[in-house]
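Please open the model in a viewer and keep the selection panel at hand.

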Amino acid sequence: MAHDLLDRLRQRLEDLNRSERKVACVILDDPAAATSLSIASLAQAAGVSEPTVNRFCRNFDAKGYPDFKIKLAQSLAGGTPYVTRAVEPGDNASQYTSKIFGATIAALDEARRIIDMDAVERMVDYLTQAKQIHFFGLGASGAVAQDAQHKFFRFNLPVMAYVDVLMQRMVAAACHTGDVVVVISYTGRTRELVDIARVARVAGAVVLGITAPNSPLTRECSAVLEVVTPEDTDHYMPMTSRMIQLALVDTLATGVTLRRGEDFLPHLKKIKDSLRDTRFPVEKRSGKKPAP
């Protein structure tokens with residue numbers, strides 16, 4: 001499909017020959033600008049011949065360069081494509097900052113487009129009816145579990161986050177019918193978490209997952225929100241998946257708030273008002289510059 005073109009460019013980059021890879025890099029560096037380039041301009045920017053550009057286009061199911069530009073424009077119109085490449089050792093502050101922000105924005109937009117709304121509704125149902133909620137996560141996902149506790153404690157029911165596998169296992173074994181366990185895992189292949197999810201399910205808890213599709217963890221869950229995002233984890237820390245996980249937690253918390261209805265809003269307001277006296281008042285700007 002047209003909107004997959006930039007994803008395909010990125011995924012096949014290392015499989016292209018040297019000349020075609022140069023063409024792909026020029027396009028990926030600024031796909032919007034590439035849509036306005038003539039074939040001669042693109043060939044010059046990539047340092048290749050025009051026949052190489054045409055061969056490159058046909059390699060991506062286009063009849064020629066004009067057809068390729070149409071598909072590229074359609075790809076840009078279909079959403080925010082993931083076009084940034086991995087952070088490299090020689091990148092300066094401008095380069096790695098641009099790559100991180102670009103990757104994050106693109107990954108969030110892609111997640112928004114493919115999110116399973118039925119799964120969101122099911123998970124909100126389970127969370128709204130829960131007697132108590134436990135969030136489990138390890139590593140970067142552990143921080144997301146703690147953020148989830150910060151969001152969900154406002155719903156006037158017992159909520160805890162656990163980032164230690166031994167505590168997770170004991171809590172899972174102590175679960176009862178009516179408890180909900182939310183397991184957050186980027187890969188869904190961490191043996192301890194999959195085993196702990198099974199323990200919680202056998203104990204009677206509803207197990208929900210925020211994890212990769214078709215992973216071992218999904219088989220232990222009653223409902224799953226799938227996180228699909230490329231990560232450069234060979235040398236650098238996972239980044240975009242954590243942002244998607246946080247956005248999904250916010251989505252579920254908002255869903256529970258709306259499901260509780262307007263009668264629940266005074267409770268949330270009371271919690272927010274409790275922080276008012278802990279902050280300095282906002283200073284009004286006079287427009288005058290401070291004296292030297």
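This is a predicted model: local features need pLDDT of at least 70, side-chain atom pairs count only at pLDDT 80 or more; totals for chains, interfaces and linings use all residues.

The length of H2 may be checked next. The helix runs over residues 18-29, twelve residues in total, and at 1.5 Å a residue it should span 16 Å; the end C-alpha atoms are 16 Å apart, so the two values agree.

Arg55 belongs to helix H5, which covers residues 50-58. Is Arg55 buried, partly exposed or exposed? Its relative accessibility is 39%, and Arg55 therefore counts as partly exposed; the class lies between the limits of 20% and 50%.

**H4 against H5**

Now select helix H4 (residues 39-46) together with H5. Their axes come within 9 Å and cross at roughly 100°, so the two helices are roughly perpendicular to each other. On the H4 side, show Ile39, Ala40, Leu42 and Ala43; on the H5 side, show Glu50, Val53 and Asn54, which they meet. Colouring by class gives five nonpolar residues, one polar and one charged in this contact of H4 with H5.

**H1 against H6**

Move on to helix H1 (residues 5-12) and helix H6 (residues 65-77). How do these two helices lie relative to each other? The axes come within 8 Å and cross at roughly 105°; H1 and H6 are therefore roughly perpendicular. H1 contributes Leu5, Leu6 and Leu9 to the contact, while H6 contributes Phe68, Lys71, Leu72, Ser75 and Leu76. By class, the contact of H1 with H6 has six nonpolar residues, one polar and one charged.

**The whole chain**

Finally, clear the selection and show the entire protein chain, whose secondary structure consists of 13 helices and five strands. Of its 292 residues, 38% are buried. Among contacts in the chain with a separation of 6 or more, 68% join residues 24 or more positions apart. With a surface displayed, the accessible area comes to about 16700 Å², and 54% of that area belongs to carbon and sulfur atoms.

Technical notes: Residues are numbered from 1 along each chain as its sequence is written. Side-chain values use heavy atoms; hydrogens and water are left out. Helices (H or I, at least four residues) and strands (E, at least two) are DSSP runs, numbered from the N terminus. Buried means under 20% relative accessible area, exposed over 50%, partly exposed in between (1.4 Å probe, protein chains only). Contact means heavy atoms within 4.5 Å. Accessible areas come from the Shrake-Rupley method with a 1.4 Å probe; for residues, only the protein chains shown count as cover. Axes are lines fitted to C-alpha atoms, for helices over the stretch in contact, and angles run from 0 to 180 degrees between N-to-C directions. Angles under 35 degrees count as roughly parallel, over 145 as roughly antiparallel, 65 to 115 as roughly perpendicular and the rest as oblique. Ala, Val, Leu, Ile, Met, Phe, Trp, Tyr, Cys and Pro count as nonpolar, Asp, Glu, Lys and Arg as charged, and the others, Gly among them, as polar. The expected span of a helix is 1.5 Å times one less than its number of residues.
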